Amino acid sequence: MLQSYLKTALRNLQRNKTYSVINITGLALGIASCLLLMLYVQDEFSFDRFHTNAERIYRIRSDVRFSGSTFNYAVSAAPIAPTLKQDMPDVEAATRFKIRGAMSVKIGGRAFSEENVCHADPDFFRVFSVPVTQGDGVRTLAEPNMVVLTEETAQKYFGNEQSLGKTIEMAGVVYTVGAVMKRLPNNSHFHCSILISMTSFADSKIPIWASNNYQTYILLRQGADAKALEAKLTPFVEHYFAPELKSLMNMDIAQFHAAGNYYTFSLQPLLSIHLHSHLIGEFEPNGNVQFVWIFAGVAVFVLLIACINFMNLSTARAANRAKEVGIRKVLGSQRVQLIAQFLAESVLLTFVAMVVAVGIVELALPAFNQLSGKSLSGTQIHTAAFWGALVTVFLGVGLLAGVYPAFVLSAFQPVKVLKGRMNSRSSQSAWLRSGLVVFQFTASIVLVIGTIVMFNQLHYIQSKNLGFDREQVLVVDSPNALGDRGGVVTFKQEIQRLAGIKSVSIAQCLPVGSERHSQILWHDAAQPSKENSALLQTWTADADYIRTMGMSIVKGRDFDATIRTDSMAMVINESMAHEFFGTHDPLGKQIHALANTQDANSGVAFTVIGVVKDFHFESLHENVHSIAIEMGHHNGVVAIRFDGIQAKTILAHVEAIWKRLAPDKSFSYSFMDEDFEAMYRTEQRTGLILSIFAGLAIFVACLGLFALASFTTEQRTKEIGIRKVLGASVTSILTLLSKDFLALVAIAIVVATPLAYWAMSSWLQDFAYRTELSLWIFVIAGASAFVIALATVIYQALRAATANPVEALRSE
């Protein structure tokens with residue numbers, strides 16, 4: 001029986017080649033799109049799940065509110081990890097990270113640049129499931145001046161030689177390799193190529209609870225109650241923080257809270273970090289669960305649109321198969337057998353489409369990786385989970401697309417269909433076909449509007465006046481590799497002599513970087529109090545910083561290296577001027593800063609000499625906050641503003657100067673505009689992916705519309721012939737055949753517009769600075785859908801309208 005079903009199904013597919021090709025193409029594109037997007041979604045949800053005890057691992061996050069300023073940190077105080085492990089029985093292990101970032105590594109006469117260098121505690125290997133392939137990782141991280149390398153890093157440094165016991169040099173310190181570990185996989189929210197023992201970092205031993213600089217992770221014991229521990233966490237830290245608060249601010253915890261301040265700690269599950277955490281001090285930019293659900297929704301929509309094509313074509317062509325059903329019933333076929341026959345055809349067609357879809361996925365995966373920034377591989381396709389999902393999609397699509405047509409076709413009454421009383425155009429299923437076409441185009445139009453809004457927002461970000469000029473600025477990383485301050489100053493002076501150089505600055509932070517530094521500042525008093533102080537960003541830079549960044553002084557003056565008192569001066573932004581001084585003139589006012597967080601009497605007074613126009617030093621997701629810049633020495637980065645015409649020549653000269661001053665140190669650089677764009681790479685990739693799959697959705701929907709128009713035209717061939725004989729014009733026939741389909745698209749536009757407006761308004765709320773949802777966006781999306789649908793239908797309508805009526809009426 002099954003063999004008979006399959007033979008009949010195969011013959012039917014061969015007999016109707018055009019419809020078979022349209023169905024297979026649409027389903028194949030829908031399944032391939034769904035599989036690619038679900039691979040992306042699955043990868044996003046897989047982050048950090050490879051750790052054996054992932055469900056029991058938590059990160060300590062800290063949230064600070066002080067004098068109206070709020071900061072949410074992925075880092076916490078240095079003493080919290082060892083103290084929790086010692087005092088809290090529920091904590092089985094605790095480890096800290098101190099991110100060192102990019103560092104120059106010297107081995108003999110060779111120099112390497114490493115991007116991900118961190119300090120870590122010995123419990124790193126107890127908390128995280130990272131295999132050690134050589135040596136003892138726990139013992140290595142317990143001893144000073146020892147390092148653990150990844151296998152790739154060890155191979156790069158020492159080739160096939162034994163790496164244990166070898167030495168490397170970083171920042172003038174010699175470290176011994178004590179262990180080699182496996183590389184952390186791509187689906188980890190952090191990556192380290194070199195782990196330095198935490199005992200090598202003196203700052204980690206200072207018991208300061210008011211300073212948050214360490215990523216802290218804990219492993220809870222089996223059966224421990226995370227909520228109960230979290231409830232104890234803030235009071236536990238406040239016990240140690242209270243003496244420091246009294247010394248710093250001359251207030252106790254009760255007064256601290258009464259002033260509207262807080263200093264709280266909570267547990268952040270490891271498995272929630274990648275998609276739900278966007279705190280200050282993250283290891284790497286995390287994903288966004290909102291985008292993941294968008295991609296999952298797009299995957300489902302594209303697949304549904306393809307399934308709808310099959311359902312529409314099958315029910316629309318019911319009249320062509322009505323006599324077949326009638327004869328089969330007269331000859332004794334049961335309805336169950338007919339349903340099985342039509343489902344067999346659906347499953348067979350879906351199987352062919354699935355095979356084509358897998359081929360498309362294999363071919364498209366490299367391009368999709370480049371587009372999405374992922375590293376999905378063929379091995380992820382050839383896994384039990386993937387094939388299980390594929391079989392589920394295969395059966396689900398086959399049944400979803402085939403079950404309704406099967407029930408409709410099998411319900412025909414043989415007496416009526418054999419007498420020719422069956423009219424598919426007046427069929428009860430016509431309204432459903434219309435509704436499904438509306439759904440197809442509604443989903444497609446929503447995707448198109450979403451794509452336009454995303455690209456419009458990205459254009460707004462890229463063209464917005466940021467308060468600084470990011471173009472034509474070369475950024476040299478890790479200038480500490482040049483030695484002491486004198487070496488960095490010499491580097492700057494030699495660059496300034498080059499032709500095409502406009503200005504050079506040595507600074508702690510750049511507006512587009514991730515490095516930040518906050519400090520308690522206060523004014524109008526000898527000591528800080530709840531009324532006059534705030535926790536704000538304070539950056540250190542040389543006298544050329546504001547000019548090099550292309551910022552504008554709106555009041556007062558810039559730093560001047562020839563004025564000695566400027567070493568105790570500050571330039572503040574407009575937001576800080578308003579926050580600290582309101583409508584009063586800030587020039588000449590004094591601002592105090594803590595020079596030592598353990599001694600309130602060590603406050604240093606700075607004089608405000610200028611106010612810089614507000615500039616964005618965070619993502620445009622955030623409002624501009626207060627910031628103060630002081631003139632001083634901090635070898636964070638070297639920024640070089642140059643003549644853009646000579647970019648390649650200048651880069652070569654700067655690298656040559658670096659190699660001459662530090663021949664054994666690697667030269668690492670970037671361009672400021674590229675660093676800025678990297679802040680919005682997620683949005684850029686999402687917009688591009690969405691635009692491609694929105695185009696695919698429209699294409700698949702139009703395939704179905706084309707087939708429906710073709711079939712409708714075929715069914716009305718004689719009617720059109722009679723109308724032409726009676727004098728109907730080509731225009732009137734085009735209108736007759738097109739108006740019903742275009743009316744459905746018009747309804748889809750009406751339905752899609754408010755849905756898209758609501759969805760994109762919600763998405764834009766995540767940006768503090770955002771573009772407007774202009775009317776033209778919806779007009780363009782609707783008009784595009786209308787024109788594409790018209791072009792799809794008009795081809796078939798034009799063929800019918802220009803055909804010779806004699807051919808249509810010859811059989812009458």
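**Close-up views of a predicted model**

Within the predicted model, Ser62 has Tyr73 of strand S2 as its bridge partner.

**View 1. The hairpin formed by strands S1 and S2.** Strand S1 spans residues 57–66 and pairs with S2 in the antiparallel sense, with five bridges between them. Two residues separate the strands of the hairpin, and Ser67 in the turn has a positive phi of about 50°. Strand S2 covers residues 69–73. Ser69, Phe71 and Tyr73 make up its covered face, whereas Thr70 and Asn72 lie on the uncovered one. In a regular strand, side chains alternate between the two faces of the sheet.

**View 2. Strand S16 and its parallel partner, S21.** Strand S16 (residues 533–541) is mostly covered, with nine of its nine residues buried. Five bridges connect S16 with strand S21, which comprises residues 627–631, and the two run parallel. Thr538 faces Ala628 of S21 across this pairing.

View 3. Phe617 counts as buried because its relative accessibility is 3%, below the 20% cut-off. Ten residues separate Phe617 from Ile627 in sequence, and their C-alpha atoms are 9.2 Å apart in space.

View 4. Not counting residues up to four places away in sequence, Phe441 touches Ala701, Cys702, Leu705, Val745, Ala748, Ala785 and Ala789. In soluble globular proteins, nonpolar side chains tend to be buried together.

**View 5. The second largest pocket and its lining.** The space in this pocket amounts to about 480 Å³. Its lining consists of 20 residues, of which Ile294, Phe301, Val446, Ala759 and Met760 are the closest to the centre. Helix H10 (289–316), helix H16 (430–463) and helix H24 (730–764) are the elements that each give two or more residues to the lining. The most comes from H24, with seven residues. By residue class, the lining has 15 nonpolar and five polar residues, and no charged ones.

**View 6. Ser163 in the loop between helix H6 and strand S8.** Helix H6 covers residues 151–158, and strand S8 covers residues 167–170. Ser163 counts as buried, since its relative accessibility is 2% and the cut-off is 20%. With neighbours within four places in sequence left aside, the contacts of Ser163 are Gln134, Ala154, Phe158, Val177 and Val180.

**View 7. The chain as context for the close-ups.** The chain has 812 residues, of which 52% are buried. Its secondary structure comprises 26 helices and 23 strands. Of the contacts between residues at least 6 apart in sequence, 79% join residues at least 24 apart.

Methods. Residues numbered from 1 in each chain as written. Predicted model: local features only at pLDDT ≥ 70, side-chain atom pairs only at ≥ 80, totals over all residues. Heavy atoms only, no water. Contact = heavy atoms within 4.5 Å. Buried < 20%, exposed > 50% of the residue type's maximum accessible area, 1.4 Å probe, protein only. Helix = DSSP H or I, 4+ residues; strand = E, 2+ residues; numbered from the N terminus. Pairing = 2+ DSSP bridges. 1 Å grid on protein atoms, 1.4 Å probe; cavity = no way out; pocket = protein on both sides within 12 Å on 5 of 7 lines; lining within 4 Å. Points joined across faces, edges and corners; volume = space filled by probe spheres on them. Nonpolar A, V, L, I, M, F, W, Y, C, P; charged D, E, K, R; others polar.
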